[in-house]
Amino acid sequence: TVILNSAEMHPFHRPLKQRGMKVISLIHEFLSLYSHHTRENLRKNTDLPIFSCRPILNEALSISNVPWHNYEILSQGLIDSEFGQRIQRTEARKALASAAGVVDGDFVVLACGTAETRKGIDLFVQVARSVLAQAPRARFVWIGGTHTAGLDPLAWAIKDAELSGIQDRVHFLDSMENIEPLFTGADLFVLPSRLDPLPCVLHQAMACRLPVVAFSGSGGVEEILRDGGGHLVPFLDVAAMAQSILHFIENPTTLSQEGAKAVQVVSQRYNFEEYINQLIEKTKIEKRESTTTDKRTPVTTA
């Protein structure tokens, strides 16, 4: 049995099946972003598809003319169980001061992801503009660069901030290896994505007691926040997102309460070790099935 950890590994599905392997596919992506040929390759050459959240499964079922079978839902956990615990907030704020000029009294709204339209980097600037008009001590920080050249979404976001006159309060940091201090030192996490499956940065933010503000209908974030830990606003409603952020700025008690819920949610429902254990159990099931239905010796990869 072989586990393929992403739909991005679709070129390997057919060759592995042709070699008699049982294929378990971990599908973390919205399959509408892939061609029909790629989707069919995944469907036909997967023995057990495991979707990371219900919205991804629902979309896969809705766009396929042929039904998916034998599928399951299993959400990945917080990869680093100690994330947010290795650095004190005072030191974390120093890291933010160095990276983005944060000073005492600033309310830091953090975002993290590849700078692309799907992730809503343009909406990030629009939300920042609305919030800063009423809360000038807010400071917005986006972590994550771009992979394309020219006037890409990041370039436009920077230009939008400059033309809006908020470039001194909105900061775009390049991708970095150690993001933990910036998460620990922030106050709130915003996810302005138009479409996002189940981003690991949500787990990291919540582990650092950061309430999350996100758009409903944008993906797996709805499942994550179903028991609290943040606030969902109507899809692409920039004004509502700005108002939600302002509410947290103006209500420290609510901020603290939702931050505490966020830690509880991620610790109880998104344990990575438990996720791995469940995957191992799925592999054992596939191996047992293969020995009873296939006379060939199954090939197993660790």
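**Figure 1. The largest cavity of the predicted model, with the residues that line it**. About 40 Å³ of space lies in the largest cavity of this predicted model, and the count of cavities of 30 Å³ or more comes to 2. The residues that line the largest cavity are Leu31, Arg39, Glu40, Arg43, Ala60, Ile63, Ser64 and Trp68.

Figure 2. The volume of the second largest cavity is about 30 Å³. At least two residues of the lining of the second largest cavity are supplied by each of the strands β5 (107-112) and β8 (188-191). Sorted by class, the lining of the second largest cavity has 6 nonpolar, 2 polar and 1 charged residues.

**Figure 3. The largest pocket, with the residues nearest its centre**. The largest pocket has a volume of about 460 Å³, and 24 residues line it, among which His28, Gln76, Leu198, Pro199 and Cys200 lie nearest its centre. The elements that give two or more residues to the lining of the largest pocket are the helices α8 (200-207) and α12 (272-293). Of these, α12 provides the largest share of the lining, 4 residues. By class, the lining of the largest pocket divides into 15 nonpolar, 4 polar and 5 charged residues.

**Figure 4. The second largest pocket and the elements that contribute to its lining**. For the second largest pocket the volume is about 300 Å³, and its lining is made up of 16 residues, with Leu78, Ser81, Phe83, Gln85 and Ala207 nearest the centre. The elements α11 and α12 each give two or more residues to the lining of the second largest pocket, and the largest share, 3 residues, comes from α11. The lining of the second largest pocket comprises 8 nonpolar, 6 polar and 2 charged residues.

**Figure 5. The contact between helices α10 and α11**. Two packed helices are described by the angle between their axes and the distance between the axes. For helix α10 (residues 238-250) and helix α11 (residues 252-269), the axes come within 5 Å and cross at roughly 105°. Angles of 65 to 115 degrees count as roughly perpendicular, and α10 and α11 are therefore roughly perpendicular to each other. On the α10 side the residues in contact are His247, Phe248, Ile249 and Glu250, and these meet Pro252, Thr254, Leu255 and Glu258 in α11. By class, this contact of α10 with α11 has 4 nonpolar, 2 polar and 2 charged residues.

**Figure 6. The whole protein chain, as context for the close-up views.** The protein chain contains 12 helices and 10 strands. Its radius of gyration is 21 Å, close to the 19 Å that the globule rule gives for 302 residues, so the protein chain is as compact as a globular protein of that length. Along the principal axes, the C-alpha trace of the protein chain spans about 70 × 40 × 30 Å.

Conventions: Residues are numbered from 1 along each chain as its sequence is written. This is a predicted model: local features need pLDDT of at least 70, side-chain atom pairs count only at pLDDT 80 or more; totals for chains, interfaces and linings use all residues. Side-chain values use heavy atoms; hydrogens and water are left out. Axes are lines fitted to C-alpha atoms, for helices over the stretch in contact, and angles run from 0 to 180 degrees between N-to-C directions. Angles under 35 degrees count as roughly parallel, over 145 as roughly antiparallel, 65 to 115 as roughly perpendicular and the rest as oblique. Contact means heavy atoms within 4.5 Å. Ala, Val, Leu, Ile, Met, Phe, Trp, Tyr, Cys and Pro count as nonpolar, Asp, Glu, Lys and Arg as charged, and the others, Gly among them, as polar. On a 1 Å grid over the protein atoms alone, a cavity is a set of points where a 1.4 Å probe fits but cannot get out, and a pocket is an open set with protein on both sides within 12 Å along at least five of seven lines; lining residues have an atom within 4 Å of a point. Grid points are joined across faces, edges and corners, and a volume is the space filled by probe spheres set on the points. The radius of gyration is taken over C-alpha atoms; the globule rule is 2.2 Å times the number of residues to the power 0.38.
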